[in-house]
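Me: I would like to learn how to read a structure feature by feature, with the general idea before the particular case. Could we go through one together?

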Amino acid sequence: LTLSSEIATTTRASLKWDYAQSRESTDIVGIEDRYGLFINGEFVKPKSRRYFPTINPATEEALAEVAEAGEADVDLAVSAARHAYQEVWGPMPGATRAKYLYRMARMVQERSRELAVLETLDGGKPIKEARDVDLPLVAAHFFYYAGWADKLEYAFPGIKPKPLGVAGQVIPWNFPMLMLSWKVAPALAAGNTVVLKPAETTPLTALIFGEIATEAGLPPGVLNIITGAGATGASLVTQGDVDKVAFTGSTAVGKLIQQQLAGTSKKLTLELGGKAAQVIFDDAPLDQAVEGVINGIFFNQGHVCCAGSRLLVQENIHDRFVDKLKRRLATLRVGDPMDKNTDVGAINSRAQLEKINELVDSGLSGGAEMFQPDCVLPDRGFFFKPTLFTNVAQSHRIAQEEIFGPVLSILSFRTPEEAVEKANNTPYGLSAGVWTSKGSRILWMADQLKAGVVWANTYNKFDPSSPFGGYKESGFGREGGRHGLLAYLDTGEA
Amino acid sequence: VTLAPARTSILPARITTPALRSYLRSVPSVDEVGAQERVAALSTRSIKRESKRAALDLIVSMMDLTTLEGKDTAGKVAQLSAKAIRPDPLDPSIPSVAAVCVYPAMVKYAVQATEGTNVKVASVATYFPSGLVETDLKVEEAARVVKQGADEVDMVIDRGAFLSGEYFKVFDEIRRVKHAVGDAQLKVILETGELLTLDNVRQASMLAMAAGADFIKTSTGKIQPAATLPVTLVMLEAIRDFQDATGVMVGMKPAGGIRTAKDAIRYLVVLNETLGEPWMTPDWFRYGASTLLNDVLMQIRWLETGRYQSLDYFTKD
């Protein structure tokens, strides 16, 4: 006896449900036509007299003009920081420093919607991410390091640490406010003063943070924010009176800085590129692994130094997993970053879009197979479709070089040993992901992988109490946690 | 009893508990934190204007308007059925709900009250909610409610048997009930609040579908927690895997605990982004709910008029 046939009969029409546009209002943000440099507690005109525009990468419209700091401006900022270090911030009790940091943390929370909108306008990331990830983490970093300011003597038993002096910090465009908090909060908590250079394409939220510092009553000169491009950054890191340099950005620039600083007494920490592997074993929670892979490579359009840009899938589940990924890719919503339902926003700049295109072309000509979902990109602005490459060989440039865009290269492996060998076969070593239900294998993999961060059955998880940093060409020094204080303290060790 | 070949194509020829155990071992595990994060992310979707109105209409049409109380009467069922046919007497543009869902003794009243309309009658059966009687009695009850006119039967699985690993017992009961109800639609209630882990939910889903479920359903509503978003996500993922393996489409019914239009829209988002358009119809997705309808009607009225009206303006049946 056989039951009735299994032909699916749909009697009522299915709804093709497309979400109506739901744009976050930009009314909350007031952008000035022109911004000066934030030096010694006030906005001043640049001695260089030069300005450059910053644009919205989703529309290519100019948002404001920003000062380009020349050498004289850098000198002025560093001397303001030196003065503040010697007269005010250095001698100040840690508990008092903490008071300012807590105050700034609360003010970031109060203005988080405004800052999130501005971050999206200037950088192109989806408002959903700026709102739910970036800004909450910014406040959390300030709160966390505020807590350390009066407890430094307990951080490293037996050692009475001292601040280093003036820190020159250069940060990238992918997480403008978050990288500011990673740099500024520990430096100030440890008793240093700061000259910070935000990225050329995303300076606006840092300048608003200058306003916040002023409103918080932070003594003049403790935090100085100078805008400009690569030349300004070079002037800052080589300025003779800077005691400590912290840089987050490309490996090429990181190497240059290390060469320039060789033979000086300056301390240096570098957080550079990555080409992280996500390793999927056949006993992994597959649907959650799909989410982890999607989050790992398409979060912030793949503009993430720890992006999981190489996927290593166990051979016996390769096809099934890739099918699941492709299906999921088709549901990503690409477009207007200000729409609250957008998953993948705008590429940060034309130059970055060109770099992504160039690397994707090299993948195609190398024989890798490309998959992109059927989505329509906006007419204006810089956008790139979420992209998968299968049939990728270790020797392909798309498996070796950091693309820093929404492009995933997929390879397969047979044994855990082969997975480790492939995952470690890269000049980088910032992060990795492991997906398996077997606890012992997670521990073994974490031990074998040469990466500063190994996530297990999750990806892109950040917490201010957890240290972050790289091996090999991904840099050195740690940010976050107790370890993050070491980058800004003299522990008396040689 | 033999099942349609498409379903059994993923099972060994001789179905035994060890065979079913190895079938369930091949079901991917579920990471609970990951599942929770996924639904939390989907819950931030911002549904506005015309897409909200379309969703609310669809939600009404997907509802199994339910009364499952010991004090139910013929009159109560007649009132509920009137509401099911015409949810808002002032607004005929609002569709009827999918079905009324009642206890077996109430089926004949529900059939009378919905006659000539497109509202279906669903009956719980198999000694709902515990299901703790001999299989023969369960099969007999399921056959009886269909004979009395039920279009759909909501059965419960034997959770005790599932948790103790007697997979054949669970499988065989579903198979026999499916046979007994014939062309009526069979919804299999997993009672996820008693299965507790998402791994169990996923395996029970795969077992129920292989055994012949037309729909899989979260809960009886008598056990807490009833429907949750992570449980629903995992069941939808199981439905997707089952379709990939067999080509057979299975429907989904979260039931219990969905009380607001906002909640219902979140379930619809999870459906839309997991299984997509083919499932966005009352043929393949249902809400089991008793108090959800009026909140949805209130939201529709608000979209139409720009005003929130008090519950006094909506009938309580």
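This is a predicted model: local features need pLDDT of at least 70, side-chain atom pairs count only at pLDDT 80 or more; totals for chains, interfaces and linings use all residues.

Me: Which residues in α3(B) meet which residues in α13(B)?

Reply: Residues are numbered from 1 along each chain as its sequence is written, chains are lettered from A and ligands numbered from 1 in the order in which they are written, and side-chain values use heavy atoms, with hydrogens and water left out. Helices (H or I, at least four residues) and strands (E, at least two) are DSSP runs, numbered from the N terminus, and contact means heavy atoms within 4.5 Å. On the α3(B) side the residues are B:Arg38, B:Val39 and B:Leu42, and they meet B:Val269, B:Val270 and B:Glu273 in α13(B).

Me: At what angle do α3(B) and α13(B) pack, and how far apart are their axes?

Reply: Two packed helices are described by the angle between their axes and the distance between the axes. Axes are lines fitted to C-alpha atoms, for helices over the stretch in contact, and angles run from 0 to 180 degrees between N-to-C directions. Here α3 (residues 32–42) and α13 (residues 261–274), both of chain B, pack at about 110°, with their axes 9 Å apart. Angles under 35 degrees count as roughly parallel, over 145 as roughly antiparallel, 65 to 115 as roughly perpendicular and the rest as oblique, so α3(B) is roughly perpendicular to α13(B). Sorted by class, their contact has four nonpolar, no polar and two charged residues, where Ala, Val, Leu, Ile, Met, Phe, Trp, Tyr, Cys and Pro count as nonpolar, Asp, Glu, Lys and Arg as charged, and the others, Gly among them, as polar.

Me: Which residues of strand β4 of chain A are on its covered face, and which on its uncovered one?

Reply: In a regular strand the side chains alternate between the two faces of the sheet. In β4(A), residues 51–56, the covered face has A:Phe52, A:Thr54 and A:Asn56, whereas A:Tyr51, A:Pro53 and A:Ile55 belong to the uncovered one. Two strands pair if DSSP finds at least two bridges between them, and β4(A) is joined to β5(A), residues 61–67, by six bridges, with the two strands running antiparallel. Opposite A:Ile55 stands A:Ala62 in β5(A).

Me: In what order do the eight strands of the chain B sheet stand?

Reply: The order is β7-β6-β5-β4-β3-β2-β1-β8 in an open sheet with parallel pairing. The edge strands are β7 (251–253) and β8 (287–289) of chain B, each of which pairs on one side only. With direction ignored, neighbouring strands are turned by 25° against each other on average. Within this sheet β3(B) and β4(B) pair over three bridges, and B:Ala122 has B:Glu152 in β4(B) as its bridge partner. Helix α12 of chain B, residues 229–246, lies across β6(B) and β7(B), and runs at about 170° to β7(B).

Me: Which residues have the most contacts inside the largest nonpolar core?

Reply: In soluble globular proteins, nonpolar side chains tend to be buried together. A nonpolar core is a set of buried Ala, Val, Leu, Ile, Met, Phe, Trp, Tyr and Cys residues joined through side-chain atoms within 4.5 Å. The largest has 109 residues, and those with the most contacts inside it are A:Met104, A:Phe142, A:Ile280, A:Phe321 and A:Leu325. Beyond its neighbours within four places in sequence, A:Phe142 is in contact with residues including A:Leu101, A:Met104 and A:Phe209.

Me: Is A:Asn457 buried or exposed?

Reply: Buried means under 20% relative accessible area, exposed over 50%, partly exposed in between (1.4 Å probe, protein chains only). At 15% relative accessibility, A:Asn457 counts as buried; it lies in the loop between β18 and β19 of chain A. Most residues other than glycine have a negative phi, and most peptide bonds are trans. A:Asn457, although not a glycine, has a positive phi of about 55°.

Me: What is omega for the peptide bond from B:Phe128 to B:Pro129?

Reply: Omega is near 0° there, and the bond is cis; B:Pro129 is found in the loop between β3 and α7 of chain B. Another cis peptide bond joins B:Gln224 and B:Pro225, with omega about -5°.
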